[in-house]
Amino acid sequence: MGSFILKRLVNLIPTLLVVGIIVFIITRMIPGDPASVMLGPQASVEDVENLREELGLNKSMPSQFISYVGDLAQLNLGYSYSYSESVIGLIIERFPNTVILALAALFIAVVVGIPAGILAARKQNTIIDYIVMLVSLVGVSMPIFWLGIMLVLFFSVNLGWFPATGMGNISDGLWTYLKHLILPAFALATIPMATFARITRSSMLEVISQDYIKTARSKGIKEYLVIGKHAFKNALTPILTVLGMQISNLLGGAVLTETIFSWPGMGRLIVDAIDKRDFVVVQGTVIFIAFIFVLVNLVVDVLYKVVNPKVNLESDGGKK
C-alpha cells in the first residue's frame with residue numbers, strides 16, 4: 001500500500017507538467033494584451049510596458065515557459081496584479097467556498113441518487129424503475145447553465161423563496177446561509193445524482209441476481225438486511241469509482257454554477273481571471289484543481305482496497 005501511494009504521488013509530477021503545458025499554451029492564445037486589460041484604458045503606454053516587463057511578457061515564449069516551470073517547481077503559483085494578491089492567497093480564500101458547494105451537491109446526489117438506484121433495481125421493469133431511469137436520463141442530459149437559469153427564474157424571481165446570487169454569511173443565521181446554498185447545490189448535483197442512480201441500479205441488478213442473495217432470502221432474512229448488508233456492500237465498488245469521478249467533476253463543474261449564482265469560489269475566480277486576462281491566476285488555479293483531481297483519484301483507489309481487499313492496486317487504474 002505504501003509503495004503504491006508513493007508511486008502515485010511521483011506520477012503527479014508528469015501529470016501536472018502536461019496540464020501546465022496545456023494551460024500555458026491556452027492562456028497565451030487568449031486575445032488581448034493582459035497588461036492593457038489589467039491597467040484599463042486610462043493607463044499610459046509607459047505603465048503598460050512596465051507591467052509587461054514585470055509579468056515577463058516581453059520575453060520569448062520559451063523563456064516564459066522556463067520561468068513558469070521554475071516557479072511551479074518552487075510551489076510558486078505567481079502573483080496577480082489585477083487582484084493585488086498572490087495566487088496561493090486567492091486559492092486559500094476561494095477554495096473553501098467551492099468545497100462547501102461541491103460537498104453540498106455531493107450530499108444531495110448521494111442521498112437522492114443511490115436510494116433511487118436501489119429502489120429501481122428492486123422494482124426492475126416496473127413503472128417505478130422506468131420513472132427513475134427517465135428522470136436520470138433527463139438529469140444527465142440537462143445543461144447546468146440552463147438549469148441554473150431556470151432555477152433562478154422560478155424560485156428566486158417568480159416565487160422569491162431563495163436568493164438569486166451570492167453566498168451569504170453564516171453569521172446571519174444558518175437558514176439564511178442555506179438559502180443561498182440550496183439552488184446552486186441542486187443545480188450542480190443534478191448530473192451526479194442521475195449518474196449515481198444509473199450506476200447503483202446497474203451494480204445492484206448484477207449483485208441481487210447472485211446465488212448468495214437468493215440463499216439469504218430463502219433463509220428468511222429480512223429484505224432490508226439482504227439489500228443493505230449483503231447486496232449493497234458488494235455493489236459498492238463501482239459506486240466508489242463514480243464517487244471519485246464525481247468529486248473531481250464537481251470541482252470542475254462549479255465553474256458554470258458559480259458564475260450563474262455569483263458564488264465566490266474557484267470557478268468564479270477562473271472566469272473573472274479570464275475576463276481580466278490574468279493568465280497567472282488561470283494557470284495557478286487550473287494546476288491546483290488538477291492536483292486535487294489526481295489526489296481524489298488516489299484516495300478512491302485506496303478505498304477500493306479497504307472495501308474489497310482482493311483488489312490489486314498495482315494493476316491498471318487501481319483495479320484488478
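Which residues of the largest nonpolar core touch the most other members? They are L188, F196, M204 and V281, out of 56 residues in that core. The model is predicted.

**Nonpolar cores**
- Helix 5 supplies the largest share, 13 residues.
- F196 is in contact with L106, A109, V110, G113, I114, I239, V242, L243 and Q246, leaving aside neighbours within four places in sequence.
- Another core lies apart from the largest one. It has seven residues, among them L147, V152, F162 and L183.

**Helix 3**
- Helix 3 spans residues 45-55, and its buried residues are V48, L51, R52 and L55.
- These buried residues line one face of the helix, because they fall within an arc of 105 degrees when seen down its axis.
- An α-helix has 3.6 residues a turn, so residues three or four places apart point the same way.
- E46, E53 and E54 are exposed on the other side of helix 3.

**T285**
- T285 sits in helix 13, residues 279-307.
- T285 counts as buried because its relative accessibility is 0%, and the cut-off for buried is under 20%.
- A polar atom of the T285 side chain lies 3.1 Å from the backbone oxygen of V282.
- Not counting residues up to four places away in sequence, T285 touches V87, I91, M266, L269 and I270.

Technical notes:
Residues numbered from 1 in each chain as written. Predicted model: local features only at pLDDT ≥ 70, side-chain atom pairs only at ≥ 80, totals over all residues. Heavy atoms only, no water. Buried < 20%, exposed > 50% of the residue type's maximum accessible area, 1.4 Å probe, protein only. Helix = DSSP H or I, 4+ residues; strand = E, 2+ residues; numbered from the N terminus. Arc of directions from axis to C-beta. Polar contact = N/O pair within 3.5 Å; in protein donor to acceptor, adjacent residues only side chain to side chain. Contact = heavy atoms within 4.5 Å. Core = buried A, V, L, I, M, F, W, Y, C linked by side-chain atoms within 4.5 Å.
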